Amino acid sequence: MQGTILHMLRETPGGFVSGEAMCQACGVSRTAIWKHIKDLQDAGYQIEAVRNKGYRLVESPDLVTAAEIREGLQTTLIGQSIIYRESLDSTNTLAQQMANQGAPEGTVVIADEQTSGRGRRGRQWFSPPHSGIWMSLILRPELPLAHAAQITLVAAVALCQALSRATGVKAGIKWPNDILFNGKKCCGILTEMHAEFDQIHHLVVGIGINVNIPQADFPDELQSIATSLQAIRGEKLARAEVVRTVLEEFEPLYRRYVNNGGFGSLRDAWKANNITLGNRIVAHTARGDIEGKALDIDEFGVLLMEKDNGEQEKIYSADITVFV
Ligand code: BT5
């Protein structure tokens, strides 16, 4: 209902919407409308109420609530259900629970802050309040297990395109799960999965984007390696709008991944957005560090590198350092 009220206020920019019109649209009493307006004001919306005129939206806060994200969202699958919480330990944890309980494909779990945001291999993800996008997508692709990890690469293409669009500055993908601007990380992806036999039961794609974090607000250990959209663009961005851009870029790529049986058909798009291939890299793998040149990525998303002794090596899983 709050979504309907906000929508009506936004449809009349600068003007008043009568309480009566809201009552009719929502099918509730004037008192109920007034209560919702109070709740919106408490959440930070500046709404002016004038007797005999109605309500006017003066200013909206930068929120990532379901109502804010839905406003004008152009997708038909991803984000049809949105679960918002002010604070969560990790959106991936709640998304996993909800997926296990049958939440539909395309469900988005999003929080204003995370108290235990996580990266890969038990690392921490800095997720302060009011300034980032910390969200998880629940997906149920009907694909064999072998294709599950490729979803990280699909999401990376979508994010790279979305963040380039949002800032007007070209972002780049560092294999496998980082989006960088000028060599600094602004977004990371954490895919977790649940499989039964050889089939994917569900995937949870966790996405962290630093949006309105001034460079000085990153902790010391992230100062030289992290950046935010605000730092790149030179001004704040509306987080809900960035979420919509991400979901809208992701949906068609996800459909291609599902309908064409994996990452192969997105390989060219990945290559067009990557900053990994052609460069010297060190792959930090479970078997130790491997140095050489990143040559190519295959249709399964595996990185091919040429070692300094001329031998070729396939990298399935690693952190990499790129020397540009
Ligand atoms: C990642 O891991 O990059 C995956 C990050 C996924 C975060 C999202 S937020 C929503 C969802 N819920 C979660 O709990 N997680 C997901 P990895 O490649 O392991 O990188 C982690 C490393 O990035 C850390 O060890 C730090 O060095 C660095 N780091 C931590 N926070 C950062 C931030 N906000 N921005 C840039 N770098 C960060």
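This is a predicted model: local features need pLDDT of at least 70, side-chain atom pairs count only at pLDDT 80 or more; totals for chains, interfaces and linings use all residues.
**Note on the ligand site and chain features**

1. From the side chain of T91, a polar atom lies 3.2 Å from a nitrogen atom of the ligand. The backbone takes part as well: a polar backbone atom of R118 is 2.8 Å from an oxygen atom of the ligand, and a polar backbone atom of F126 is 2.9 Å from a nitrogen atom of the ligand. On its own the ligand has 800 Å² of accessible area, of which the protein covers 92%.

2. Which pocket does the ligand take up? The space taken by the ligand is the largest pocket.

3. The UniProt record, in an unreviewed entry, gives the annotation "binding site" to S90, T91, N92, Q114, R118, G119, R120 and K185. From this set, the lining of the largest pocket takes in S90, T91, N92, Q114, R118, G119, R120 and K185. As for its place in the chain, S90 is in the loop that runs between strand 3 (82-88) and helix 5.

4. Where in the chain is R121? R121 belongs to the loop between strand 4 (108-114) and strand 5. The backbone of R121 deserves a check by eye: R121 is not a glycine, yet its phi is positive, at about 50°. Most residues other than glycine have a negative phi, and most peptide bonds are trans.

5. P176 is found in the loop between strand 6 (172-174) and strand 7 (178-181).

6. Two longer spans are also annotated. UniProt (unreviewed entry) places the feature "DNA-binding region" at residues 19-38. In the model, residues 19-38 are 85% helix and 0% strand, and the end C-alpha atoms of the span lie 13 Å apart.

7. The other span, residues 67-258, is listed by UniProt (unreviewed entry) as "domain: BPL/LPL catalytic". How much helix and strand does the chain have over residues 67-258? The chain there is 29% helix and 28% strand, with the end C-alpha atoms 29 Å apart.

How values were computed
Residues are numbered from 1 along each chain as its sequence is written. Side-chain values use heavy atoms; hydrogens and water are left out. A polar contact is a pair of N or O atoms within 3.5 Å; within protein, one must be able to donate a hydrogen and the other to accept it, and residues adjacent in sequence count only if both atoms are side-chain atoms. Accessible areas come from the Shrake-Rupley method with a 1.4 Å probe; for residues, only the protein chains shown count as cover. On a 1 Å grid over the protein atoms alone, a cavity is a set of points where a 1.4 Å probe fits but cannot get out, and a pocket is an open set with protein on both sides within 12 Å along at least five of seven lines; lining residues have an atom within 4 Å of a point. A molecule sits in a cavity or pocket if more than half of its atoms lie within 2 Å of its grid points. UniProt positions are given in the numbering used here, feature names are shortened, and annotations may be inferred rather than shown by experiment. Helices (H or I, at least four residues) and strands (E, at least two) are DSSP runs, numbered from the N terminus.
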